Amino acid sequence: MSDMSNSKENTRITDFGTKFKNRLAGSFQDWIPQLKGNIQDIWLNPATHLIPEDNPVGVAVAAGPSAERNIHLLKDRDLIVACADRAAATYGHLFRSFYVGTSDPSPLIAKLYKKMPTPIAVLLSVYSHQQAVKVLKDRKIPHYYYTPAFKDDNDEEFKLINKLLLTLTETPLMYGVSDSGSLAFRILVGLGCRVIGLVGLDYSEPYERPIEKWSLYPAYRAWMEAHNIEDIERMKQMMNVRRYTHPIYGNDYVTDVSWDSYRGKFLTLLEIAKKQGIKTINCSEGGSLYTEWLPCQKLEVFLKEQLPSS
């Protein structure tokens, strides 16, 4: 009998009709090859190797439009800064030192790390693209990995896949890191910060900005093509694009179902942190981030109160 074990043509795939396959098969088709390519590097650099800092105050920075208003106030400040990938590439030159977090599995982020000022360390998803990992290795930038956890409390398949990923990667499973802005916040929590300011975490688009310049516009176009939709106004209705005014900062912004999802997950993360005694203050001075229990404060006031001698 001939050995057929290595023949892809003779591999039988049985479809059990699982919900997990239906919801995540497309993503895993892209992610698993990257996980496979990173696995040895992952084992050497799990996020648990990050050494906590003895500093209670930190600032999480994302690349939301509101950051342009006040980011200059962080220049050369003596505090812990953790940035989303695009924010670090744009504003990294302002900081004495900073950490970076990325949740983006695409090769596009590699170019951000090529020109980015050197961070203290980078926290990567185990699904990060090999091009980005290569840049970090070439630049000898310390980097560590986490495993994005699939969260569904009532789904036994999600619980199983989380357990499998934890066993395989030996990196910490992390909930609430659906975007790199929330990952920047998680980095600060992991470093021991008990007071955290938020800068540029908008989770929305400025009302006056043309839709063609929205950060989610490329995703809109791809979604329209996939669903054979040509009328952008119809797409906006289907995505529930709508206008609001921030009750504290007074800016007009536009949100949709995608931003709603990211914002909701981040607020859940902040609520968990609050229960653990971590004080978070929204200093973004714009965007859509608001709830009654999240204080809002101008960044200038936050810095005077938290770092009076800086």
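Visitor: In which loop is the place of Tyr 203?

Guide: Start with the elements. Helices (H or I, at least four residues) and strands (E, at least two) are DSSP runs, numbered from the N terminus. Tyr 203 sits in the loop between S7 and strand S8 (205–206). This is a predicted model: local features need pLDDT of at least 70, side-chain atom pairs count only at pLDDT 80 or more, while totals for chains, interfaces and linings use all residues. Residues are numbered from 1 along each chain as its sequence is written, and side-chain values use heavy atoms, with hydrogens and water left out.

Visitor: Is Tyr 203 buried or exposed?

Guide: Buried means under 20% relative accessible area, exposed over 50%, partly exposed in between (1.4 Å probe, protein chains only). Tyr 203 has a relative accessible area of 6%, so the residue is buried. Check the backbone too. Tyr 203 is not a glycine, yet its phi is positive, near 50 degrees.

Visitor: Which value does phi of Asn 240 take?

Guide: Phi of Asn 240 is positive, about 55 degrees, and Asn 240 is not a glycine either. Asn 240 lies in the loop between helix H9 (232–238) and strand S9 (242–245). With 37% relative accessibility, Asn 240 is partly exposed.

Visitor: In what order do the eight strands of the open sheet stand?

Guide: Strands of a sheet pair through backbone hydrogen bonds, either parallel or antiparallel. Here two strands count as paired if DSSP finds at least two bridges between them. The order is S6-S5-S4-S3-S2-S1-S7-S11, with parallel pairing. Strand S6 (173–174) and strand S11 (279–282) each have a single partner strand, so one side of each has no neighbour in the sheet.

Visitor: Which strands does helix H11 lie across?

Guide: Axes are lines fitted to C-alpha atoms, for helices over the stretch in contact (heavy atoms within 4.5 Å). Angles run from 0 to 180 degrees between N-to-C directions. Helix H11 (residues 299–306) lies across strand S1 (57–61), strand S7 (195–199) and S11. H11 runs at about 160 degrees to S7.

Visitor: Which residues touch the most other members of the largest nonpolar core?

Guide: A nonpolar core is a set of buried Ala, Val, Leu, Ile, Met, Phe, Trp, Tyr and Cys residues joined through side-chain atoms within 4.5 Å. The largest has 91 residues, and Val 61 and Phe 95 touch the most other members. Helix H10 (residues 257–275) gives the largest share of this core, six residues. Beyond its neighbours within four places in sequence, Phe 95 contacts Val 61, Ile 71, Leu 74, Val 81 and Cys 83.

Visitor: How many residues of helix H7 are buried?

Guide: Eight of the 11 residues of H7 (residues 180–190) are buried. Among them are Leu 183, Phe 185, Ile 187 and Leu 188. Now look at both ends. Asp 179 caps the N-terminal end of H7, with a side-chain oxygen 3.0 Å from the backbone nitrogen of Gly 181. Gly 192 follows H7, with a positive phi near 95 degrees.

Visitor: Where is the place of Cys 296?

Guide: Cys 296 is in the loop between S11 and H11. Its relative accessible area is 22%, so Cys 296 is partly exposed. Leaving aside neighbours within four places in sequence, Cys 296 has contacts that include His 246, Tyr 249, Asn 282 and Tyr 290.

Terms used
Polar contact = N/O pair within 3.5 Å; in protein donor to acceptor, adjacent residues only side chain to side chain.
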